[in-house]
Amino acid sequence: MLQLLLGLVVGLGPSLALYFWLRRQSMENPAYPEACGKALKAGLLATFPIVLLSGLLFLLLRVTGLQNTHPLLYQVPYTFIVLAFSEELIKYLSFRRLLKKTPAPYSWRELTVLMAVVAIGFGLLESLLYLFGSNVIVMLIRGIGIPHGGYGAIVGWFSGRSLKTGRKGDRVLGFVLAWLIHGLYDFSLAREFAAVNENLAIAIALTISVLNLALILALILFVVKTRGNETYTAPLCPAEDATDIS
């Protein structure tokens with residue numbers, strides 16, 4: 001029971017602390033704190049369509065018969081598409097839906113935070129599921145790295161830059177970067193990969209764990225350094241056009 005409680009604290013505590021800190025970082029926009037709450041809820045609720053989409057992709061993958069070939073030939077589409085792609089896609093669609101339901105003149109900075117919060121919401125529920133099949137060390141690594149938060153920050157930052165510059169390709173780039181990092185992390189944890197080259201699997205997993213932490217630190221630094229910087233805090237578009245994120 002003590003181990004379960006400790007795992008809960010170290011696994012969820014950092015994400016919750018980051019969420020409440022982010023929620024207080026743009027109080028001049030009255031819509032922002034409420035939007036953060038809605039973003040967290042959207043991330044939590046994203047779990048259900050993610051399960052449905054990943055289940056459908058899993059069935060389609062099984063139809064190909066790749067599971068009867070080399071284990072790595074099966075693990076690549078499984079980890080990158082069934083797991084990482086389904087999660088990143090639904091989180092992004094949840095982010096877009098949030099913006100359409102709560103139109104407001106959000107800034108580049110706020111879009112970065114809102115997408116990160118959507119991802120944090122999903123990560124919190126995912127960590128709860130991990131809690132019953134992992135040890136405290138695994139939960140601590142997940143808790144400190146807040147991997148989904150970092151991936152969300154990438155997508156949100158590039159979405160904000162896209163609206164700032166008018167280059168729609170930036171949104172695609174942000175999504176692809178988050179997806180590939182996420183997929184590589186999941187792939188490095190696959191038992192089939194470890195069976196082929198355990199040292200390489202451990203090296204990649206540790207490297208991306210450090211990268212996940214670096215992404216969270218970069219998010220915090222970005223939020224702190226952009227206070228009062230009009231490039232990042234000025235509304236990107238009028239309220240009536242704020243849903244033009246697609």
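What follows is a chat about the predicted model shown above.

Visitor: Before we start, what are the ground rules for this predicted model?

Guide: Residues are numbered from 1 along each chain as its sequence is written, and side-chain values use heavy atoms, with hydrogens and water left out. In this predicted model local features need pLDDT of at least 70 and side-chain atom pairs count only at pLDDT 80 or more, while totals for chains, interfaces and linings use all residues.

Visitor: What pLDDT does the chain average?

Guide: The average is 88, and 92% of the residues score at least 70. pLDDT is the predictor's confidence in each residue, from 0 to 100. Over residues 238-246 the pLDDT is below 50, and that stretch has 21 contacts in the model beyond near neighbours in sequence. Contact here means heavy atoms within 4.5 Å. Where pLDDT is low, the predicted coordinates should not be read in detail.

Visitor: Okay, on to the inside. Which residues touch the most other members of the largest nonpolar core?

Guide: Those are Leu22, Phe95 and Leu114, in a core of 49 residues. A nonpolar core is a set of buried Ala, Val, Leu, Ile, Met, Phe, Trp, Tyr and Cys residues joined through side-chain atoms within 4.5 Å. Buried means under 20% relative accessible area, exposed over 50%, and partly exposed in between, with a 1.4 Å probe and protein chains only.

Visitor: And which helices supply this core?

Guide: At least two residues each come from α1 (2-23), α2 (31-45), α4 (71-101), α5 (108-131), α7 (147-165), α8 (169-188) and α10 (198-225). Helix α5 provides the largest share, ten residues. The helices (H or I, at least four residues) are DSSP runs, numbered from the N terminus. There is also a second, separate core of nine residues, with Ala46, Leu57, Ile90 and Phe122 among them.

Visitor: How many aromatic pairs are there?

Guide: The count comes to 13. Rings of Phe, Tyr and Trp (its six-membered ring) pair if their centres lie within 6.5 Å; planes under 30 degrees apart count as stacked, over 60 as edge-to-face and the rest as tilted.

Visitor: Why is the pair of tyrosine 74 and tyrosine 78 called stacked?

Guide: The ring centres of tyrosine 74 and tyrosine 78 are 5.9 Å apart and the planes are at 15°, so the pair counts as stacked. Both tyrosines lie in helix α4, four residues apart, which is about one turn of the helix. Tyrosine 74 counts as buried at 10% relative accessibility, whereas tyrosine 78 is partly exposed at 24%.

Visitor: What about phenylalanine 85 and tryptophan 179, what kind of pair do they form?

Guide: Theirs is edge-to-face, at 5.6 Å centre to centre with 70° between the planes. Phenylalanine 85 is in helix α4 and tryptophan 179 in helix α8, so the pair ties together parts that are 94 residues apart in sequence. Phenylalanine 85 is partly exposed, with a relative accessible area of 27%, and tryptophan 179 is partly exposed too, with 22%. Ring pairs link Phe85, Tyr92, Phe95, Phe175 and Trp179 into a cluster.
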